[in-house]
Amino acid sequence: MLDDFFVRALLVSVGIGAVAGPLGCFLLWRRMAYFGDTMAHSALLGVALGIILGTSPIVSVFAIVFIAALSLLFLQKVVHLASDTLLGLLSHSALALGVVILALSGSTLGHGLLSYLFGDVLAVTRGDLIVVWAGGLVCLAVLAYIWRPLVALTVHEDLARAEDSPVERSQIIYMILIAGAVAAGMKVVGVLLIVALLIIPAAAAQSLSRTPEQMAVLAAVIGMLASSGGMYGSLVLDTPSGPTIVVMALILFLVSLVIRPLSRVLESVQ
């Protein structure tokens, strides 16, 4: 029989996977996979500040990630540079600043910090479980609410603005959701791997979907399968939970590459 701590870890992982998949769809559609890396590196700065200030790292990570996302939106309007250039600037600057702050404080890469980098899902509490599932349901509800404006923005930004679609508000809300996902996913797969949970399930769902809504649902399902499969895999193989979850997501992505051509062959035969 599985221990209570493993059941809690499994449920938390599945909750994160269900939320990360749909959120990651827009990163793929807008070709902003590098945006995820920027958020992860910003999260490292949030962890450093949380350790220095003695506050909850989850709160500081959420705040810093959200500030970084808003900074990107602001710089895109006032600085005439390509988005990938701005993302690189923010990403590496946040990472370097976090390392410098940790060095000045005398902190080292001990177990506590490593758990934030690569996750420590087996240490989740009942409170974490409640927060992840309650927050995840709210996140999905909000994403459903801003779905149409985000899709319109993705298809044609200028046309969406011309039709008075709430573009700016939708972007800011989406950034808040991403910040929340990164902060919550930190305990499951760590800030260095949460980007993979945002991108890989969405990429796997893309080749199997015909509509944006279908892709979002499939991404959520694949995210949950990767999380649960990765947890059981880590139990059987005695490997770190976070990286194993990402490896399972990769396996599902590779499977999706086979399923799509196979389904086309079967359709042509029929």
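Where do Phe26 and Trp29 both lie, and how many residues apart are they? Both lie in helix α1, which covers residues 4-29, and they are three residues apart, about one turn of the helix. Keep in mind as you look around that this is a predicted model. The points below begin with aromatic rings, then turn to helices and end in a loop.

**Aromatic rings**

- A pair of aromatic rings is described by two things, the distance of the centres and the angle of the planes.
- There are five aromatic pairs in the structure.
- One of them joins Phe26 and Trp29, whose ring centres are 4.9 Å apart with 85° between the planes. That makes the pair edge-to-face, because the angle is over 60 degrees.
- Phe26 has a relative accessible area of 2%, so Phe26 counts as buried, the cut-off being under 20%.
- Trp29 also pairs with Trp147, again edge-to-face, at 5.9 Å centre to centre and 75° between the planes.
- This second pair links distant parts of the chain, since Trp29 belongs to helix α1 and Trp147 to helix α7 (residues 147-155), 118 residues apart.
- Trp147 is buried too, because its relative accessibility is 12%.
- Together with Tyr174, the residues Phe26, Trp29 and Trp147 make up one aromatic cluster.

**Where α1 meets α9**

- Helix α9 runs over residues 167-185, and its axis comes within 10 Å of the axis of α1.
- The two axes cross at roughly 140°, so α1 and α9 are oblique to each other: an angle would have to be over 145 degrees to count as roughly antiparallel.
- The crossing of α1 past α9 is left-handed.
- On the α1 side, the residues in contact are Ile16, Leu23, Phe26 and Leu27. On the α9 side they meet Tyr174, Leu177, Ile178, Ala181, Ala184 and Gly185.

**Helix α3**

- Helix α3 has 22 residues (57-78), and at 1.5 Å a residue it should span 32 Å.
- Buried residues in α3 include Pro57, Val61, Ile64, Phe66 and Leu72.

**A loop residue to look up**

- Asp238 sits in the loop between α11 (212-237) and α12 (241-269).
- The phi angle of Asp238 is near 60°, a positive value in a residue other than glycine.
- With a relative accessible area of 70%, Asp238 is exposed, because the cut-off for that is over 50%.

Note on methods:
Residues are numbered from 1 along each chain as its sequence is written. This is a predicted model: local features need pLDDT of at least 70, side-chain atom pairs count only at pLDDT 80 or more; totals for chains, interfaces and linings use all residues. Side-chain values use heavy atoms; hydrogens and water are left out. Rings of Phe, Tyr and Trp (its six-membered ring) pair if their centres lie within 6.5 Å; planes under 30 degrees apart count as stacked, over 60 as edge-to-face and the rest as tilted. Helices (H or I, at least four residues) and strands (E, at least two) are DSSP runs, numbered from the N terminus. Buried means under 20% relative accessible area, exposed over 50%, partly exposed in between (1.4 Å probe, protein chains only). The expected span of a helix is 1.5 Å times one less than its number of residues. Axes are lines fitted to C-alpha atoms, for helices over the stretch in contact, and angles run from 0 to 180 degrees between N-to-C directions. Angles under 35 degrees count as roughly parallel, over 145 as roughly antiparallel, 65 to 115 as roughly perpendicular and the rest as oblique. A crossing is left-handed if the near helix is turned anticlockwise from the far one by less than a right angle, and right-handed if clockwise. Contact means heavy atoms within 4.5 Å.
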